Amino acid sequence: MRLFELLLFLSNIGLFTLTVLLKKERRRIPVFVASGIATLLLVIHWTVEGYRVQLFFPYCITIIFLAISGYSYFKKTGPKKFPRFMLGSAYTAIAIMLVVTAGLMYAFPVFKLPEPAGEFKVGTQTFHFVDTNREEIFDKARDGKRELMVQVWYPAQASTGKYAPFIHDTQILPYMAANYGLPGFTFGHLKYVSSHTYSGVEVSSAQTSYPLILANPGFGSSRFLHTSQAENLASHGYIVAVIDHTYNTFATEFPDGRITTISTNDLFSPDHDYRTESGNRDKLGKVLTDDVAFALDQFELIQSGQIPSHLKGRMDLGHVGVFGHSIGGATSYDASYDPRIAVGVDLDGGLYRLRDREGLRKPFLFMNSESEFERLKKVMDNHAYTEEELKRMGNTREWMDQVTEDKKLELERMRETVASGGQFLYIENSEHLNFTDVQFISPIFKMLGITGKIAPERANSVINAYMLDFFDMYLKNQGGILMKGPDSRFPEVKFVTSLL
């Protein structure tokens, strides 16, 4: 909660208290003075912090109190007498508005992202890539080539400028709200959230080059929702490129102002049988995997100077990693068959294209939520679903039998991969969206079970610690302590590699 919006809210409570408690003959001057203070705070808040819809009621209360108290003060007459029930109704309405405002400020705070823990300052640059060799298959209304927006975070020279915003493209915020079934204005305040990144600054000269890590958001997500992870890795000496997979994000804005929204959900329908759904997921997966390969092609051009950037010559393309969340985690696994990629991390993502090739023989870290691990554990234990369980899940026995068959193959692929280096672990009390910055947006998400019982800050620090240790081990030949097994500093992390 920001300072002046908090002071404005408290001043409204003070105004209301003075009005209710003071007798009419003693109310005129104190209420006028308090209204003036509230108005001053309102002006400062709007000027310094910026308005937001969650404070609509305090804005109205402040202006109305200033008008009424000002009229009463300069006319030097008391307010007109109103029937008691009208005053009671007005007081009740104001009290309700203040309570609602308190709830909205709690539910939708202008939060602070965790600070990166590394020694480097962090810079950022965004690229627009067009793949002239691939047609866009997810836009039925427009013929064109596959386009991607890719944002890079990197170790930067020391800077004292202003931090870049958490979400650069504020035009996408209504689409983000719609993605969660909320009114378009709900997340407008996120434009005030700051990152810990400087735009367009020079790459740090502390090293000649830095390993490259490619990252993939999940279905209906966005590159912005992995900012804290990218910043932390960059602060520890990595160049991190997060890919907005067009039409699989809730929205992506391009340099010409076009905004694309999610359309890949058209691939999935309750009317489909399991094999159709699975086949469509593989179809989507191939596009996402090809996005990663194409992005890596572009970074090779940036490295050689064929695409202008501060990053020219500063990437260590002999040490490339990849990570992703949800279907982005599966993308990271599938993309790692590319010989240019050395190592990867899957954050709570089920794999795709399982029957297209043999198991991956590279170091890989599978980091799951507790709920996803419990689902996989049922497959390991050959759990027989009861009719009541099937009804609760909304699935048929035939459907679940096919899910189980695919999950067994997935576990076999994971076992083969981990045998080449890596681990399979889960985080206690975590849910699927604890692996993204969604967990910071609202504490209500935790209450609704959208995120887990683990504190968002703790979940973020655990995930960052284990990703960093894993990448350090295989891309920098250092660290690796956390990969050896349970650590007393992270009791919520459970190693389950032996169960594969």
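**Ser332 and the helices**

A: Ser332 lies in helix α8 (residues 327–335); helices here are DSSP runs of H or I with at least four residues, numbered from the N terminus. The model is predicted, so local features need pLDDT of at least 70 and side-chain atom pairs count only at pLDDT 80 or more, while totals for chains, interfaces and linings use all residues. Residues are numbered from 1 along each chain as its sequence is written, and side-chain values use heavy atoms, with hydrogens and water left out.

Ser332 has a relative accessible area of 0% and is therefore buried (under 20% relative accessible area, 1.4 Å probe, protein chains only). Its side chain reaches the backbone oxygen of Phe323 at 2.9 Å. Leaving aside residues up to four places away in sequence, Ser332 touches Asn216, Val322, Phe323, Gly324, Val345 and Phe364, where contact means heavy atoms within 4.5 Å.

Helix α4 (residues 84–107) has 24 residues and spans 34 Å from first C-alpha to last, close to the 34 Å expected at 1.5 Å a residue; the expected span is 1.5 Å times one less than the number of residues. The buried residues of α4 are Ile94, Leu98, Thr101, Met105 and Ala107. They pack against α1 (3–21), α3 (56–75), α12 (438–441) and α13 (444–447).

Key: Helices (H or I, at least four residues) and strands (E, at least two) are DSSP runs, numbered from the N terminus. Buried means under 20% relative accessible area, exposed over 50%, partly exposed in between (1.4 Å probe, protein chains only). A polar contact is a pair of N or O atoms within 3.5 Å; within protein, one must be able to donate a hydrogen and the other to accept it, and residues adjacent in sequence count only if both atoms are side-chain atoms.
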